[in-house]
Amino acid sequence: MKKSVSLHDEIKAQNKKLKDMTWAQKREYIWEYYKIHIIGTIIIIAAIICFILMFMRNNYEAVFTTIVVDGNMTGFSDNKDKLTQEFTQYLGVDGKSKRVIFDNNNSLIQQTGDEDSYYSTQKIVSMATAKSIDGYLSEYDYVTFYSQDDSLFLTDLSELLTADELSKLSNYLVYFTATDGTKTPIAVDLTSTHVKTETDLTMKRPCYGIVSTSTHKDNAVKFIKYAFGL
């Protein structure tokens, strides 16, 4: 009867083989017998590294998020634009653990064969429903795009600003007109502010409103004060 080989003997035999091999032979031998384990270990390590990097990138609180519709500015893609940098300082946050975000990957302009406007429309509605948007920056023609008589997408500014502040902004207020003629101030025209005049923002008549479901309305109001120097 053949005597079974113990694990100890097997390890001893394998070590003897390795001892007599050149470095190149050892490398080929190890790869041949352990490549599955090596590949598996590499995959696990790579997954752990990716998870750590992803966590580090997303481990922050967005204290102000504004949807930018059909507009761009140098630096928007990597949060190095003038608005993000200046408003971050204005709020007194570090820009790392607490961040200001301008999301400009949105378009409501309908073009033949282009579905961007459809996806942007759904995205903005979904984000508003999830309470993850604070501000809405768009051309004048799209300020009332989402608002209806019984459901204002943007907050009535008379509920957020003082009478004195509203008076100072009277020439810049943008209104939503209901079917019964009632007018509600829902946005401000930023055309003559430094948000437009001192940047390369690609909007002819940028207007800004505060989303009704915003969870950071205090910071959203501060953006108006920042823009107009109130």
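Predicted model: local features only at pLDDT ≥ 70, side-chain atom pairs only at ≥ 80, totals over all residues.
**Exercise 1. A strand pair**

In which sense do S1 and S3 pair, parallel or antiparallel?

*Solution.* 
Step 1: Recall the general idea. Strands of a sheet pair through backbone hydrogen bonds, either parallel or antiparallel.
Step 2: Locate the strands. S1 covers residues 61-68 and S3 covers residues 135-139.
Step 3: Read off the sense. The two pair in the parallel sense over three bridges.
Step 4: Pick out one partner. Val-68 has Leu-137 in S3 as its bridge partner.

**Exercise 2. Helices against the sheet**

*Solution.* 

**Exercise 3. A closer look at H7**

Check the length of H7, then find its buried residues and what they pack against.

*Solution.* 
Step 1: H7 has twelve residues, and at 1.5 Å a residue they should span 16 Å.
Step 2: Compare with the model. The end C-alpha atoms of H7 are 17 Å apart, which agrees.
Step 3: List the buried residues. They are Asn-219, Ala-220, Val-221, Phe-223, Ile-224, Tyr-226, Ala-227 and Phe-228.
Step 4: Find their surroundings. The buried residues of H7 pack against S1, H3, S2, S5, helix H6 (194-197) and S6.
Step 5: Go past the end of the helix. Gly-229 follows H7, and its phi is positive, near 65 degrees.

**Exercise 4. Salt bridges**

How many salt bridges does the structure hold?

*Solution.* 
Step 1: Begin with the total. The structure holds four salt bridges. Side chains of opposite charge can pair when their charged atoms come close.
Step 2: Take Glu-86 and Lys-82. Their side chains meet at 2.8 Å, N to O. Both residues lie in helix H3, four residues apart, about one turn of the helix. Glu-86 is partly exposed at 27% relative accessibility, and Lys-82 is partly exposed at 31%.
Step 3: Take Lys-225 and Glu-165. The side chains of this pair meet at 3.3 Å, N to O. Lys-225 is in helix H7 and Glu-165 is in helix H5 (residues 163-168), so the pair links distant parts of the chain, 60 residues apart. With a relative accessible area of 25%, Lys-225 is partly exposed. Glu-165 has 14% and is buried, because buried means under 20%.
Step 4: Take Arg-205 and Asp-189. Here the distance is 2.6 Å, N to O. Arg-205 lies in the loop between H6 and S6 and Asp-189 lies in strand S5, so the pair ties together parts that are 16 residues apart in sequence. Arg-205 counts as partly exposed at 35% relative accessibility, whereas Asp-189 counts as buried at 10%.

**Exercise 5. Aromatic rings**

Describe the ring pairs Phe-87 with Tyr-90 and Phe-223 with Tyr-226, and find the cluster that holds them.

*Solution.* 
Step 1: Count the pairs. A search of the whole structure finds twelve aromatic pairs.
Step 2: Take Phe-87 and Tyr-90. The ring centres are 5.8 Å apart with 15 degrees between the planes, and the pair is stacked. Both residues lie in H3, three residues apart. Phe-87 is buried at 0% relative accessibility, while Tyr-90 is partly exposed at 38%.
Step 3: Take Phe-223 and Tyr-226. This pair is tilted, with 5.6 Å centre to centre and 40 degrees between the planes. Both residues lie in H7, three residues apart. Phe-223 is buried at 0%, and Tyr-226 is buried at 9%.
Step 4: Phe-64, Phe-87, Tyr-90, Phe-102, Tyr-208, Phe-223 and Tyr-226 form one aromatic cluster.

Definitions and conventions: Residues numbered from 1 in each chain as written. Heavy atoms only, no water. Pairing = 2+ DSSP bridges. Expected span 1.5 Å × (residues − 1). Buried < 20%, exposed > 50% of the residue type's maximum accessible area, 1.4 Å probe, protein only. Contact = heavy atoms within 4.5 Å. Phe/Tyr/Trp six-rings, centres within 6.5 Å; stacked < 30°, edge-to-face > 60°.
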